[in-house]
Structures are given as C-alpha cells and as structure tokens.
Amino acid sequence: MKTLKIAKITSPENFTQLSEALESAERHAIDTNNWPALYSYSPNVNFSILHDGENIHIRYRVDEATVAAVAETDNGKVWCDSCVEFFVTFNGKGYYNIETNAAGRLLIGYRVPGNDKFSATSDILSSVKRYPSLGEAPFAERECDKEWQLTLTIPKTAFFKDSITNLSGIEARANFYKCGDELKTPHYLSWSPIENEKPNFHKLEFFGRIVFE
C-alpha cells in the first residue's frame with residue numbers, strides 16, 4: 001500500500017504564502033495507467049499537499065494534449081472535463097469524492113458503498129477556495145499549450161459526515177486521480193494503483209494510506 005505523509009504548515013496569510021509553500025513541498029505523481037489496453041494516453045500530472053490543522057491545501061499540475069472545462073456549475077459533470085480528483089475516507093467505510101475541473105467547478109459527494117450517496121450543500125462547496133490558473137470561466141475543449149494548475153484549500157468542515165476537530169495526527173486512506181471522460185482522448189490515471197477490469201475510481205480497497213503530521 002502506498003503511503004503519503006502530509007506535512008503541517010502554519011496557516012498561510014495569503015495566496016502568495018500558500019503558493020510558495022506548495023511549490024516547496026514534495027511532488028507526487030498521478031501516473032498509474034491501470035487500463036492501458038483501453039486508454040493508452042497518459043498526461044503528465046502531479047500534486048503537492050499540505051495541511052495547517054484546519055485546512056487541506058492541494059496543488060495539481062497538469063500537462064495534457066487538450067483541456068476542457070465545460071461544466072458551468074458546482075456539482076455538475078466535472079469528470080467529463082479535464083478533471084482532478086481527491087477521494088478520502090476517515091473511517092474506512094464512507095468516503096468523500098472531491099472532483100474539480102480546470103476552471104475550478106467543484107463536486108463534493110459522500111458515499112457508503114452499497115448505500116446512499118450525499119452531495120455537499122452550496123455552503124460547503126463555497127467554503128472551498130479554488131485558484132485555477134486558466135481562470136474561472138467555462139470553456140470548450142482546446143489544445144493545451146502549457147501546464148495548467150489548480151490549487152484548492154479544503155476546510156475540515158467540508159468533510160460534512162465526520163466531526164474533525166483538528167487534522168493533525170489523523171491517519172486516513174485516499175487516492176488521487178486525473179480523468180477526462182469526454183475529452184477527445186479520454187484517460188484515467190491514479191496515484192495508488194487500482195486492480196479492476198475497467199475504470200472505477202470508487203474502490204476503497206485500493207486507496208493508499210495518508211498521514212497528517
């Protein structure tokens with residue numbers, strides 16, 4: 001099982017401080033193509049992740065052939081666009097899927113396998129800060145001539161089915177993904193490998209281990 005240690009930082013006072021911290025942090029590749037016979041294309045994707053006890057900070061960096069951000073609203077079909085995703089479980093039963101397209105449109109859900117699923121409210125969605133390098137306006141698929149980035153600050157309250165008082169010291173399980181279901185060249189990459197015959201990111205048994213320092 002892959003393990004990732006998430007360093008703790010002092011809460012950034014502004015985006016400049018946050019950006020500097022994330023650029024100095026260790027980078028982790030989202031480079032496992034679990035289904036090469038079905039989807040041979042693999043864009044170049046990595047992320048860095050930090051926390052300050054109250055928030056999780058993630059920066060994704062993506063270099064891909066084409067990029068799209070068609071979804072116009074939060075909780076829309078962002079996985080059909082150029083999409084980066086963070087799935088995490090704090091109890092080993094239910095898990096959150098946090099999916100964001102290149103323009104910062106965001107989907108947050110909570111699922112218990114075999115049971116109901118829940119969508120985050122607008123208040124929870126708006127509490128997540130997003131900094132997309134390509135801007136916030138939706139756009140159709142186009143050539144991607146340079147790396148794009150997406151930075152997220154996710155407060156602990158976004159994990160609305162858990163009562164987290166402080167992230168420090170928590171051990172959880174998670175996976176990180178890059179997909180583009182309706183791009184000209186669809187692709188499905190993961191940080192932690194998935195053993196399944198076809199793309200399915202909703203497999204808790206293949207989540208890696210993450211430790212909040």
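Which residues point one way from β7, which point the other way, and are they buried or exposed? I found C83, E85, F87 and T89 on one side and V84, F86 and V88 on the other, and all are buried. Buried means under 20% relative accessible area, exposed over 50%, and partly exposed in between, with a 1.4 Å probe and protein chains only.

Before going on, I noted that this is a predicted model, where local features need pLDDT of at least 70 and side-chain atom pairs count only at pLDDT 80 or more, while totals for chains, interfaces and linings use all residues. Residues are numbered from 1 along each chain as its sequence is written, and side-chain values use heavy atoms, with hydrogens and water left out.

**Entry: partners of β7.** Strands (E, at least two residues) are DSSP runs numbered from the N terminus. I saw β7 pair with β8 in the antiparallel sense over six bridges; two strands pair if DSSP finds at least two bridges between them. E85 has E99 as its bridge partner in β8. These two strands form a hairpin with five residues between them, and G92 in the turn has a positive phi of about 80°. I also found seven bridges joining β7 to β14 (residues 171-179), again antiparallel. There, V88 has A174 as its bridge partner.

**Entry: the core.** I looked up the largest nonpolar core, which has 44 residues; Y60, F86, I154, F159 and F176 touch the most other members. Such a core is a set of buried Ala, Val, Leu, Ile, Met, Phe, Trp, Tyr and Cys residues joined through side-chain atoms within 4.5 Å. Apart from it lies another core of 15 residues, including V78, Y177, L204 and F207.

Next I followed I154: leaving aside neighbours within four places in sequence, its contacts (heavy atoms within 4.5 Å) include N55, F86 and F159. N55 itself sits in strand β5 (residues 55-63) and is buried, with a relative accessible area of 16%.

**Entry: the pocket.** Which residues lie nearest the centre of the largest pocket? They are W79, N97, E99, R111 and H202, out of 21 lining residues. On a 1 Å grid over the protein atoms alone, a pocket is an open set of points where a 1.4 Å probe fits, with protein on both sides within 12 Å along at least five of seven lines; lining residues have an atom within 4 Å of a point. I noted that β9 gives the most to this lining, with five residues.

Conventions. Helix = DSSP H or I, 4+ residues; strand = E, 2+ residues; numbered from the N terminus.
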